[in-house]
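Work through the two exercises below with the structure in view, and follow each solution step by step.

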Amino acid sequence: MTIEHSPLPYPADALAPHISERTMGFHHGKHHATYVANLNKLIAGTAHEGASLEDIVAAADMPSPLFNNAAQSWNHAFYWNSMSPGALEAPSSDLLAALEASFGSLDEFNSRFVAAATGNFASGWTWLVSDADGLSIVNTDDADTPLRHGRRPLLTVDVWEHAYYLDYQNARPAYLNAFVEHLANWEFASANFAAS
């Protein structure tokens with residue numbers, strides 16, 4: 001089974017003016033596509049050929065070219081779904097209650113999420129996750145993903161520079177504020193939470 005380069009769940013210009021069509025063209029059309037192409041070359045003729053992307057992420061040595069390309073393929077597909085051009089302003093009542101229990105309020109979660117992502121020094125990701133202890137915000141470096149650490153991802157933002165540099169240059173906080181204020185796909189996060 002070939003791992004597919006998942007299409008965007010919306011047109012490439014749908015997130016403008018917060019994320020431009022040009023950024024999406026490079027990010028989805030070049031970066032994400034390259035991870036998938038590299039992964040398919042790495043698994044060809046191996047025991048991983050025919051495995052699901054999640055199974056490859058779980059089985060790959062970390063770090064390794066196999067893990068890096070598999071996890072980046074998965075993380076990016078999850079990231080595209082973590083955004084929506086018609087994003088709801090708030091999560092479902094169940095997720096909202098969990099956010100309030102863990103962070104005090106949705107506004108406080110947004111502030112802490114932006115702060116965590118701003119302070120994520122490495123190229124990597126900032127996630128809202130659920131586990132046995134409730135909800136938390138975690139940073140991962142490079143291709144690392146909560147899937148490898150027993151946590152269920154609910155929402156993520158990409159803090160590699162290619163995610164925002166064409167639109168925001170070095171103003172990472174402006175990109176992150178646009179994400180939480182205009183793009184965060186609470187419907188997707190709520191569905192992930194309901195399935196946890």
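**Exercise 1.** Describe how helix α1 (residues 21-43) and helix α3 (residues 65-81) cross.

Solution. The axes of α1 and α3 come within 9 Å and cross at roughly 140°, where axes are lines fitted to C-alpha atoms, for helices over the stretch in contact, and angles run from 0 to 180 degrees between N-to-C directions. That makes α1 oblique to α3, since angles under 35 degrees count as roughly parallel, over 145 as roughly antiparallel, 65 to 115 as roughly perpendicular and the rest as oblique. The contact (heavy atoms within 4.5 Å) involves residues of α1, including Met-24, His-28 and Tyr-35, and residues of α3, among them Leu-66, His-76 and Trp-80. These contact residues divide into 12 nonpolar, 9 polar and no charged.

The model is predicted, with local features needing pLDDT of at least 70 and side-chain atom pairs counting only at pLDDT 80 or more, while totals for chains, interfaces and linings use all residues. Residues are numbered from 1 along each chain as its sequence is written, and side-chain values use heavy atoms, with hydrogens and water left out.

**Exercise 2.** Describe the largest pocket and its lining.

Solution. About 220 Å³ of space lies in the largest pocket. Its lining has 15 residues, of which Ser-6, Leu-53, Glu-54, Trp-74 and Ala-77 are the closest to the centre. Two or more lining residues come from each of α2 (53-59), α3 and α8 (186-194), and α3 gives the most, with 5 residues.

Notes: Helices (H or I, at least four residues) and strands (E, at least two) are DSSP runs, numbered from the N terminus. Ala, Val, Leu, Ile, Met, Phe, Trp, Tyr, Cys and Pro count as nonpolar, Asp, Glu, Lys and Arg as charged, and the others, Gly among them, as polar. On a 1 Å grid over the protein atoms alone, a cavity is a set of points where a 1.4 Å probe fits but cannot get out, and a pocket is an open set with protein on both sides within 12 Å along at least five of seven lines; lining residues have an atom within 4 Å of a point. Grid points are joined across faces, edges and corners, and a volume is the space filled by probe spheres set on the points.
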